[in-house]
Amino acid sequence: MENLCDRPTFTGFTRDGGYATHVVADSRYCLHIPEAFGDVDAAPLLCAGLIGYRALKLAGAGERIGFYGFGASAHILAQVAVWQGRKVFAFTRDGDQAGQEFARSLGCIWAGGSSDAPPEELDAAIIFAAVGPLVPIALRHIRKGGTVVCAGIHMSDIPAFPYEILWGERSVRSVANLTRADGREFMEIAARVGVKTHTTSFPLASANEALEALRSGTFEGAAVLVP
């Protein structure tokens with residue numbers, strides 16, 4: 001349960017070093033990046049991929065899984081889930097035809113808007129978008145005993161919803177960081193799957209522009225800052 005530490009420190013946030021030319025790191029907390037991945041290709045694996053992998057584990061082993069928000073994390077984990085033999089259903093912003101086509105190109109068997117109902121009842125759903133109202137929407141589409149996993153660090157408020165859509169031993173849970181074991185497992189799996197990350201690179205000085213592009217959904221996959 002090391003991921004649930006009450007006094008964590010994060011390089012580049014609570015401690016200096018995120019943009020330094022050199023850093024000293026505790027080797028116990030470092031991950032080996034498979035040689036198959038170049039620097040830009042590997043960058044999305046180290047946050048979006050790692051958190052997404054833990055969310056996928058917490059979602060359980062169900063065959064039919066829905067991803068709400070198809071960005072940096074989902075486009076990586078969709079490849080892993082398809083490799084695992086699962087049926088992946090992608091939910092994008094309503095009307096995002098390009099995003100839905102992108103999801104289908106990665107093996108998702110269905111893609112639609114977040115307000116659409118999937119053609120099959122889901123075993124689990126992962127919410128990658130930081131949008132609280134998606135929680136009751138996802139609950140309405142999972143089977144009894146299914147799980148809705150909230151993968152974000154922050155999320156807007158979850159609105160009130162009727163107990164009947166939670167009843168039937170459905171559950172809602174969050175993801176908090178990850179363990180070192182998760183990291184080692186994911187890097188090995190990413191190499192075995194041959195994950196292809198879709199990236200748009202920005203120079204470090206354009207970090208604010210990258211964030212704005214991310215908010216507006218003007219690119220597919222993940223944004224990468226290149227120093």
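Which residue in β3 is the bridge partner of A90? In this predicted model, where local features need pLDDT of at least 70, side-chain atom pairs count only at pLDDT 80 or more, and totals for chains, interfaces and linings use all residues, the partner of A90 is A111. Residues are numbered from 1 along each chain as its sequence is written, and side-chain values use heavy atoms, with hydrogens and water left out.

The strands concerned are β2 (residues 87-92) and β3 (residues 110-113), which run parallel and are joined by four bridges; two strands are taken to pair if DSSP finds at least two bridges between them. Helices (H or I, at least four residues) and strands (E, at least two) are DSSP runs numbered from the N terminus. Together with helix α4 (residues 97-105), β2 and β3 make a right-handed β-α-β unit, the hand being right if, with the strands pointing away from the viewer, the path from the first strand over the helix to the second runs clockwise.

The buried residues of α2 are A48, G49, L50, G52, Y53, R54, A55, L56 and L58, and they pack against β1 (64-68), α3 (72-83), β4 (122-127), β5 (142-150), β6 (171-174) and α6 (180-193). Contact here means heavy atoms within 4.5 Å. R54, which is found in α2, is buried with a relative accessible area of 17%; not counting residues up to four places away in sequence, R54 touches N3, V175, A176, N177, L178, T179 and D182. The helix is followed by G60, whose phi is positive, near 90°.

One of the residues touched by R54 is N177, which is found in the loop between β6 and α6. N177 has a positive phi of about 60° although it is not a glycine, and is partly exposed, with a relative accessible area of 29%. A positive phi of about 60° is also found at E169, again not a glycine; E169 is placed in the loop between β5 and β6 and counts as exposed because its relative accessibility is 73%.

L225, in strand β8 (residues 222-226), is partly exposed at 30% relative accessible area.

How values were computed. Buried < 20%, exposed > 50% of the residue type's maximum accessible area, 1.4 Å probe, protein only.
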